[in-house]
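Here are my notes for a first look at this entry. Please keep the structure open as you read.

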Amino acid sequence: MNEPKYTIAVIKGDGIGVDVTDATMAVVSAARDRIGGFQLELNELLAGAGYFKETGKDVAPNTEAAAGEADAIFLGAIGLPSIRHADGTEISPHLRLREMYQLYAGVRPIKAYPNAPQRLADPRGDEIDLIVLRESTEGLFYSAAVHNRCPVDNDNEVQDILRITRPTTERLHDFAFKLATKRKARGHKGHVTCVDKANVFRSMAFFRQIFDERAAAFPEITKDYNYVDATALDLIRRPWEFDVMVMENMFGDIISDLAGGLVGGMGMASCAEIGQEHGLFQPAHGSAPDIMGQDKANPLAAILSGALMLDYLADKSGQPQLAKAAELIEQAVEAGFAANRIRPMEFGGDMGTIAVTREVIEQVKSVKP
Ligand code: ATP
C-alpha cells in the first residue's frame with residue numbers, strides 16, 4: 001500500500017488534556033480506518049506544567065522544532081495553577097508556538113447540537129452554526145503575548161497596544177472569505193461579518209478598510225459589518241443569522257466565549273490556530289484541574305478539534321479522504337446527540353470521557369457518510 005502519510009505532533013499536556021487527547025486520537029484513528037487512503041504517524045512530544053515540575057523546563061528538548069516539522073500539531077491542554085514560574089506566571093509554552101509559527105487565524109466553530117444545552121428560549125437557537133475567526137498574533141494581545149511590549153509601564157501608568165498590520169489583516173480577511181466559500185459549498189450562507197469598532201478607533205477603521213479591499217476578490221460571498229458591542233447584543237437576539245465572523249484578537253477572545261456559552265460550554269469549544277505553514281489544533285478549554293483524573297471531562301471539544309485538523313490536512317495536501325474523515329467525525333457527533341446516545345456529564349448526563357469516546361467511535365463505525 002502506498003498511502004500518503006501525515007505526521008501529527010501530539011502534545012497531551014496537563015490535567016484533562018491527557019484524557020481528551022487520547023480520546024481524540026482514538027476517534028481520529030477509527031475515522032481513518034473507516035475511510036482509508038491515508039496514514040497518520042503520531043509523534044508524542046512532552047511539554048507542560050507536569051513536565052516543568054519534573055525537569056525545570058516547560059518543553060522537552062527539540063519540541064518546538066519537531067512540532068514545526070510535523071504536518072499538524074495537536075495539543076490537549078497546558079498549565080496547572082499549582083505549578084508556576086518564579087515570577088508567578090503559569091507554564092505556557094503553547095503561546096510560544098503560536099508566536100513562533102505565527103498562527104494568526106484562530107477558528108472557533110460554534111454549533112448547536114440536538115439534545116445539547118440550549119441557552120436561548122427562542123427555538124431558532126437550534127440553528128446556530130457559525131465560526132468566530134479571531135486574529136491571534138496581534139490586536140490587543142500584541143503587548144500581552146510577549147512581555148516588554150508596553151510603551152508605558154510604570155507605577156503611575158500602564159499602556160497596552162492594539163496593533164493591526166496590513167500583511168496579517170490581509171491574510172486574516174482572505175482566510176475568512178475562503179472559509180465562507182468552503183462553507184457555502186456545504187450549504188451555509190456564504191456570508192462574512194466584520195466585527196470591529198471602526199466608528200471609534202483608527203486601528204479598527206483600518207481593519208475594516210482592508211476587509212473591504214479583500215472582499216472584492218470574493219464576489220460570491222456577501223458581507224456586512226457589526227460593531228462589537230452590537231454583536232454582543234445580536235449574539236443573544238439572532239445568533240442563527242451569522243455565518244463567519246472575523247475580528248481582532250481581544251474581541252475574538254470575548255465573543256467566542258459568549259458564543260460558546262450559547263451552545264453548551266467549554267467541553268464543546270473546538271479550536272484551530274492556523275498560520276501560513278503550520279496548524280495547531282486544541283480544545284479551547286484548559287486543563288480543568290478540578291475534574292482531572294476523574295473521567296468527567298467532556299472530550300468532544302478535543303474530538304471536534306481533531307476533525308478540524310483532518311480538514312486542515314485535506315486542504316494542505318489536496319487529499320480528499322482526509323476531508324471525508326473529518327466530515328465523518330462531525331456526523332458521528334451529530335448523530336450521537338440526535339439519538340441521545342451522547343450524554344456528557346458536563347451537561348448533567350451520565351457519561352464520562354471514556355463512555356462518550358466509545359459512543360463517538362461506535363457512531364464513526366456505523367453512521368452513513
Ligand atoms: P485556562 O486558563 O487554561 O483556559 P481555565 O481555568 O480558564 O483554564 P478550564 O480549565 O477551561 O479553565 O476550566 C474552566 C471550567 O470549565 C472548570 O470548572 C472545568 O471543570 C470546566 N471544563 C473545562 N473543560 C471541560 C471539559 N472538557 N469537560 C467538562 N468540564 C470542563
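1. A definition comes first. A nonpolar core here is a set of buried Ala, Val, Leu, Ile, Met, Phe, Trp, Tyr and Cys residues, joined through C-beta atoms within 7 Å. A residue is buried if 20 or more other C-beta atoms lie within 10 Å of its own. Keep in mind that this is a predicted model.

2. Now the core itself. The largest nonpolar core has 107 residues. The residues with the most contacts inside it are Val27, Ile73, Leu133, Met245, Val246, Ile329 and Val333. Helix α10, residues 300-317, gives the most to this core: 11 residues. Both domains take part, since at least three residues come from each of domain 1 (1-103 + 274-369) and domain 2 (118-262).

3. Take Ile73 as an example from that core. What is Ile73 in contact with, leaving aside its neighbours within four places in sequence? The partners are Ala9, Ala67, Leu97, His278, Gly279, Leu280 and Phe281.

4. Next, the domains. The protein is divided into domain 1 and domain 2. Domain 1 is written as two stretches, 1-103 and 274-369. Domain 2 covers 118-262. The centres of the two domains, taken over C-alpha atoms, are separated by 24 Å.

5. Overall form. The secondary structure comes to 12 helices and 12 strands. The C-alpha trace spans about 55 × 50 × 45 Å along its principal axes. The radius of gyration is 20 Å; a compact globule with 369 residues would have one near 21 Å, so the two agree.

6. Packing. Buried residues make up 47% of the 369 residues. Of the contacts with a separation of 6 or more, 75% are between residues 24 or more positions apart.

7. Look at Lys223. This residue lies in strand β9, residues 222-227. Is Lys223 buried or exposed? Lys223 counts as buried because it has 20 C-beta neighbours inside 10 Å, and the cut-off for buried is 20 or more. Val192 is 31 residues away from Lys223 along the chain, yet their C-alpha atoms are separated by 4.8 Å. Leaving aside neighbours within four places in sequence, Lys223 is in contact with His191, Val192, Cys194 and Ala215.

8. Last, the ligand. How many residues surround the ligand? There are 14, and the closest are Gly267, His285, Gly286, Ala288 and Asn298. The shell divides into 6 nonpolar, 6 polar and 2 charged residues.

Notes. Residues are numbered from 1 along each chain as its sequence is written. This is a predicted model: local features need pLDDT of at least 70, side-chain atom pairs count only at pLDDT 80 or more; totals for chains, interfaces and linings use all residues. A residue is near a molecule or strand if its C-beta atom, placed from the backbone, lies within 6 Å of it. Ala, Val, Leu, Ile, Met, Phe, Trp, Tyr, Cys and Pro count as nonpolar, Asp, Glu, Lys and Arg as charged, and the others, Gly among them, as polar. Helices (H or I, at least four residues) and strands (E, at least two) are DSSP runs, numbered from the N terminus. The radius of gyration is taken over C-alpha atoms; the globule rule is 2.2 Å times the number of residues to the power 0.38. A residue is buried if 20 or more other C-beta atoms lie within 10 Å of its own, exposed if 12 or fewer, and partly exposed in between; C-beta atoms are placed from the backbone. Two residues are in contact if their C-beta atoms, placed from the backbone, lie within 7 Å. Domain bounds come from an automatic or database domain assignment.
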